[in-house]
Amino acid sequence: MQLNWIKAHIGFLGNEAADNLAKQATKEGTPLHLKAPKCHLKKVLRNLSLKRWQEDCDSGDSGRSIFNILPKASLTQPTWSRESILFATGHGPFPSYLYRFRLYHSDI
């Protein structure tokens, strides 16, 4: 099984079909009795999601500057200051960022 999030109701045919099937299942479907508690299933799904996220980060082409700084996918926020994050990612009021948008005369 693969879970992906996409923005709802923007014209994806598969999303609309899945939405209709989900609505139909809530009205006509048979109840599902799981032998594991809900908290266990949430933990398993979270771990699978983190594993998939890490695999995507390891093999992806985009976000390399972030990957070099934070190589491990995590649900906890790093304890960096906002300024440190902006500097490390190349965003914010720094000469290289301002130069890219021609708001500063040099990238140094």
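Biologist: Let's start with Gln54: which helix holds it, and why does Gln54 count as buried?

Modeller: Gln54 sits in helix α2, where a helix is a DSSP run of H or I with at least four residues and a strand is a run of E with at least two, numbered from the N terminus. Buried means under 20% relative accessible area, exposed means over 50%, and partly exposed is what lies in between, with a 1.4 Å probe and protein chains only. Gln54 has a relative accessibility of 17%, which is under 20%, so Gln54 counts as buried.

Biologist: What does Gln54 touch, leaving out residues up to four places away in sequence?

Modeller: Its partners are Phe67, Pro71, Lys72 and Ala73, a contact being heavy atoms within 4.5 Å.

Biologist: Good. What kind of model is this, and what are the ground rules?

Modeller: This is a predicted model, in which local features need pLDDT of at least 70 and side-chain atom pairs count only at pLDDT 80 or more, while totals for chains, interfaces and linings use all residues. Residues are numbered from 1 along each chain as its sequence is written, and side-chain values use heavy atoms, with hydrogens and water left out.

Biologist: What makes Asp19 and Lys23 a salt bridge?

Modeller: The rule asks for a side-chain nitrogen of Lys or Arg within 4 Å of a carboxyl oxygen of Asp or Glu. For Asp19 and Lys23 the N to O distance is 3.5 Å, so the pair meets the rule. Both residues lie in helix α1 (residues 13-28), four residues apart, about one turn of the helix. Asp19 has a relative accessible area of 24% and Lys23 has 46%, so each is partly exposed.

Biologist: How many salt bridges does the rule give?

Modeller: The count is two. Asp56 and Arg52 also meet in a salt bridge, at 3.5 Å from N to O. These two are in helix α2, again four residues apart, about one turn of the helix. Asp56, at 41%, is partly exposed, and Arg52, at 37%, is partly exposed too.

Biologist: Why is Thr26 called exposed?

Modeller: Its relative accessible area is 68%, which is over 50%, so Thr26 is exposed. Thr26 belongs to helix α1, and a polar atom of its side chain lies 2.6 Å from the backbone oxygen of Lys23.

Biologist: Which residues form the nonpolar patch on the surface?

Modeller: Ile66, Ile69, Leu70 and Trp80 form it, with about 300 Å² of accessible area together. Patch residues have over 30% relative accessible area and no salt bridge; like charges are joined within 9 Å, and nonpolar side chains (Val, Leu, Ile, Met, Phe, Trp, Tyr) within 5 Å. Take Ile66 in helix α3: at 35% it is partly exposed, and 35% is over 30%, so Ile66 passes that cut-off.

Biologist: What is Ala88 in contact with, beyond its neighbours within four places in sequence?

Modeller: Ala88 is in contact with Ile69 and Trp80. Ala88 is in helix α4 (residues 82-89), and its C-alpha atom is 7.7 Å from that of Ile69, 19 residues apart along the chain. At 25%, Ala88 is partly exposed.

Biologist: And where is Tyr104?

Modeller: Tyr104 lies in the segment after α5 (95-100). At 35%, it is partly exposed. Neighbours within four places aside, Tyr104 is in contact with Pro95, Leu98 and Tyr99.

Conventions:
Accessible areas come from the Shrake-Rupley method with a 1.4 Å probe; for residues, only the protein chains shown count as cover. A polar contact is a pair of N or O atoms within 3.5 Å; within protein, one must be able to donate a hydrogen and the other to accept it, and residues adjacent in sequence count only if both atoms are side-chain atoms.
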